[in-house]
Amino acid sequence: MTQDQETQQVNAVTSNAGSSPVAGEDPSMSRILRRETHSSRAGASVIAAVLVIVLCAYALLEAGVRAIGQPPWIIDPTTAAERIIALPEGISPLLLGASGAVIAMVGLFFLLHAVLPGRRARHLLRDPRTAVVVDDEVLASALARRARTAANVTQEQVMVVVSRQLVVVNVRPTSGSRVSEESVLAAVQAELEDMSPVPMPAVRINVASSGVIGA
């Protein structure tokens, strides 16, 4: 091995040691982390499968009854198809509207479960040793504590809402005292940098124009 090759190998080892895996970036943990940060689709899948099985079983039952020359169990498939084609004849507008609304809601339910990402209100925290998943409510509590310290107000005067991409800090100052929006913003951003949530949300500070009477 030449001296240049040895130097390249040492540099590669040093680079790998400095870039230790963080939460959400370790391939071996990605599947577990996704399960913890995304809602399961198993419930919707089971409901859809049961509905399809029930409809197929009913259609098979009616076809079998018709094949042996017996009267339909509920409704003859041919008669049902003719009534569907003839809609809206033979059915009251109220019942037709209610049935359409129910079918539309069921379809929307399955469509949203299929299209939306289904993320839970959780964030990943960067840690070189392990994977950390924390609820957004815990993040909001920590940020609210830091914000009220910077604003010098009580717990009831600060409300923090944490979403995936945004942190909204609402502060109601004490009457007669001024709250520095810049200092609160800097404190909250510093707390976020210390925790390093993934993804890193933006911060917005809202200071109310009217204050509250101090205790």
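Guide: Helices here are DSSP runs of H or I with at least four residues, strands are runs of E with at least two, and both are numbered from the N terminus. This is a predicted model, in which local features need pLDDT of at least 70 and side-chain atom pairs count only at pLDDT 80 or more, while totals for chains, interfaces and linings use all residues. Residues are numbered from 1 along each chain as its sequence is written, and side-chain values use heavy atoms, with hydrogens and water left out.

Asp 136 has 8% relative accessibility, so it counts as buried; that word means under 20% relative accessible area, exposed means over 50%, and partly exposed is in between, using a 1.4 Å probe and protein chains only. Leaving aside residues up to four places away in sequence, Asp 136 touches Ala 121, Arg 122, His 123, Val 162 and Ser 163, where contact means heavy atoms within 4.5 Å. Its C-alpha atom is separated by 9.1 Å from that of Arg 120, 16 residues apart along the chain.

Now follow the helix itself. Helix 6 covers residues 136-151, and its axis comes within 9 Å of the axis of helix 7 (residues 181-195), crossing at roughly 145°. Axes are lines fitted to C-alpha atoms, for helices over the stretch in contact, and angles run from 0 to 180 degrees between N-to-C directions. Among the residues making this contact are Leu 139 and Leu 143 of helix 6, and Val 184 and Met 195 of helix 7. By class, the contact has 12 nonpolar, one polar and three charged residues. Nonpolar here covers Ala, Val, Leu, Ile, Met, Phe, Trp, Tyr, Cys and Pro, charged covers Asp, Glu, Lys and Arg, and the others, Gly among them, are polar.

Helix 6 lies across strand 3 and strand 4, at about 145° to strand 3, while helix 7 lies across strand 4 and strand 6, at about 150° to strand 6. The sheet is open, with three strands in the order 3-4-6 and mixed pairing; two strands pair if DSSP finds at least two bridges between them. Strand 3 (158-162) and strand 6 (202-207) stand at the edges with a single partner strand each, so one side of each has no neighbour in the sheet. On average, neighbouring strands are turned by 15° against each other, direction ignored. Strand 3 and strand 4 (residues 166-171) run antiparallel, joined by five bridges, and Val 161 has Val 168 in strand 4 as its bridge partner.

Finally, look at the loops. Most residues other than glycine have a negative phi, and most peptide bonds are trans. Asn 152 has a positive phi of about 60° without being a glycine, and its place is the loop between helix 6 and strand 3. With a relative accessible area of 69%, Asn 152 is exposed. Ser 196, in the loop between helix 7 and strand 5, has a positive phi too, near 50°, but at 19% relative accessibility Ser 196 counts as buried. The peptide bond from Val 198 to Pro 199 is cis, with omega near 0°, and Pro 199 lies in the loop between strand 5 (197-198) and strand 6.
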